[in-house]
Amino acid sequence: MSGSAAEEVVPHRALITICAMVATLMQALDGTIANVALPYMQGGLAATSDQITWVLTSYITAAAILTAPVGFLVARFGRRSVFLLSVGGFTLASVLCGAAQTLEQMVVFRLLQGAFGAALVPLSQSTMLDIYPPAQRGSAMAIWGMGVMVGPILGPTLGGYLTENLNWRWVFYVNLPFGLLAFLGLLLFLPRGGAQPGRRFDWTGFGALALGVGALQIMLDRGELKNWFGSTEILIEATLAGLGLYLFLVHMALAEKPFIPPRIFRDRNFVAGLGIMFVVGVILFATSALLAPYLQTLADYPVFTAGLAMAPRGIGTMAAMFVAGRLAARVDPRQIMAFGILILSWTLWDMTYWTPDIPMHWLMLVTVVQGMGLGFVFIPLNLVAFATLDPALRTDGTSLISLLRNLGSAIGISALAALLTRNTQIMHASLAEHVTPLNRLFELPAIRQFWDFRTAEGAAALNAEVTRQSSIIAYGNDFHLLMVLALGMLFLLPLMRRPPRAVAADPAHAAMD
């Protein structure tokens, strides 16, 4: 289908929409559904706490690397073929993840899952943009965005329920029925696209990008473990990351036919949208990755309760997406985005002062508002970013914007986890300076009965409490950094131009059309 297909009557539009949504939701869910199950996987796979994070980052890294060439693959083999291969491969890899017996098997299968899933989000987005006319694209993006944004938010809730009531393996097995449904639906209803069999792949550009992204991710994952740039390994990985990304940019600028067309970066709206989407990826995934262990390890929430406490964010996101989709035709989308950024920043500011005894009602209120902020940013962002982009570049554009979101999530999770560990150590050392025999507070009977550092049991209990308080402060510092990143998105809004007005319609009508 070309960009002109949007003006034609597309058969089975509603069924194609459902199948595309299912594919999107599966891929988005699997970025976070394993979060709350990690402690259970760690025991089942005999892994350390450092090693088990590869279950998350291997998936995200593979998805980030393989997202960029989606535009070429669609042009070379046709959208229908690539879509079917992606859904089928993702479903099979999910089953293999559920059956994994060792950490090595799990990491390999998660890499496969991320590789096959890389095309699902950009393909579903470009499909939705093509089958709906411009007047209904605001609502179409609201429907599509529900899968992309709500999936990572509801992932911990669903993962907690499956882990507590069945087994952690079911966080992967749950994809099987939905994957089969999406595969059969796309096989029956998605029209065949025009393929260009003679088109050649730019292996040099792709290799440079894969080297840069892969080395960067490994550096971020292992940096804290290896004492960062005091380690030769980290220096080598940093060098390879910089070299790979530099060669990719130079090759893209000078090559005759790079797999990412350089002219796509001439669109100011799209380039600014890439920057905002990167930050959205950081916030969307990093907050989930931080909040799940915060509630379980510091607030002593059971795994399902922790997932349930995070669910309201998805409700806020869904509500905001429908509102933003309908407002886009009447209000400047940049103003909607600014509103979303401000309320998102407020929630992150509030989270910097959280303690484990935060009332449940306030926790849910803040997460609902946070979800609304993400929804108010995401829908207008996709409308503005693609409003002035050449339809011929649409699949490349959706691939790139998905790549930046995946990079943001991968870098955000790794960097904030490393900062959490480092800040916990720093704060532990700072607080421990006050634990001395000269501190008369420890002479008080009410304190000595719990934390008497003159006995082995009392010293251990005191050290555990100091570590707990250090972790609370470190989490607050991470949330503060996310707030600063969120506010930084405001500076990119003036670079964007307002899109044409005919961009929104009623979501229910768009879904039934």
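Of the chain's 513 residues, 55% count as buried. The model is a predicted one.

**Chain overall**
- The chain has an accessible surface of about 20,900 Å², and carbon and sulfur atoms hold 68% of that area.
- Among contacts in the chain with a separation of 6 or more, 84% are between residues 24 or more positions apart.

**Helices H6 and H7**
- Helix H6 covers residues 79-99 and helix H7 covers residues 103-117; their axes come within 8 Å and cross at roughly 160 degrees.
- Angles over 145 degrees count as roughly antiparallel, and H6 and H7 are therefore roughly antiparallel to each other.
- The crossing of H6 past H7 is left-handed.
- On the H6 side the contact is made by Leu-85, Ser-86, Gly-89, Phe-90, Ala-93, Ser-94, Leu-96 and Cys-97.
- On the H7 side it is made by Met-106, Phe-109, Arg-110, Leu-112, Gln-113, Phe-116 and Gly-117.
- By class, this contact of H6 with H7 has nine nonpolar, five polar and one charged residues.

**Helices H14 and H17**
- The axes of helix H14 (residues 268-298) and helix H17 (residues 333-351) come within 13 Å, crossing at roughly 30 degrees.
- That angle makes H14 roughly parallel to H17.
- H14 passes H17 in a crossing that is left-handed.
- H14 contributes Ile-276, Ile-283, Thr-287 and Leu-291 to the contact, and H17 contributes Met-337, Leu-344, Leu-348 and Met-351.
- Seven residues of the contact of H14 with H17 are nonpolar, one is polar and none is charged.

Technical notes
Residues are numbered from 1 along each chain as its sequence is written. This is a predicted model: local features need pLDDT of at least 70, side-chain atom pairs count only at pLDDT 80 or more; totals for chains, interfaces and linings use all residues. Side-chain values use heavy atoms; hydrogens and water are left out. Axes are lines fitted to C-alpha atoms, for helices over the stretch in contact, and angles run from 0 to 180 degrees between N-to-C directions. Helices (H or I, at least four residues) and strands (E, at least two) are DSSP runs, numbered from the N terminus. Angles under 35 degrees count as roughly parallel, over 145 as roughly antiparallel, 65 to 115 as roughly perpendicular and the rest as oblique. A crossing is left-handed if the near helix is turned anticlockwise from the far one by less than a right angle, and right-handed if clockwise. Contact means heavy atoms within 4.5 Å. Ala, Val, Leu, Ile, Met, Phe, Trp, Tyr, Cys and Pro count as nonpolar, Asp, Glu, Lys and Arg as charged, and the others, Gly among them, as polar. Buried means under 20% relative accessible area, exposed over 50%, partly exposed in between (1.4 Å probe, protein chains only). Accessible areas come from the Shrake-Rupley method with a 1.4 Å probe; for residues, only the protein chains shown count as cover.
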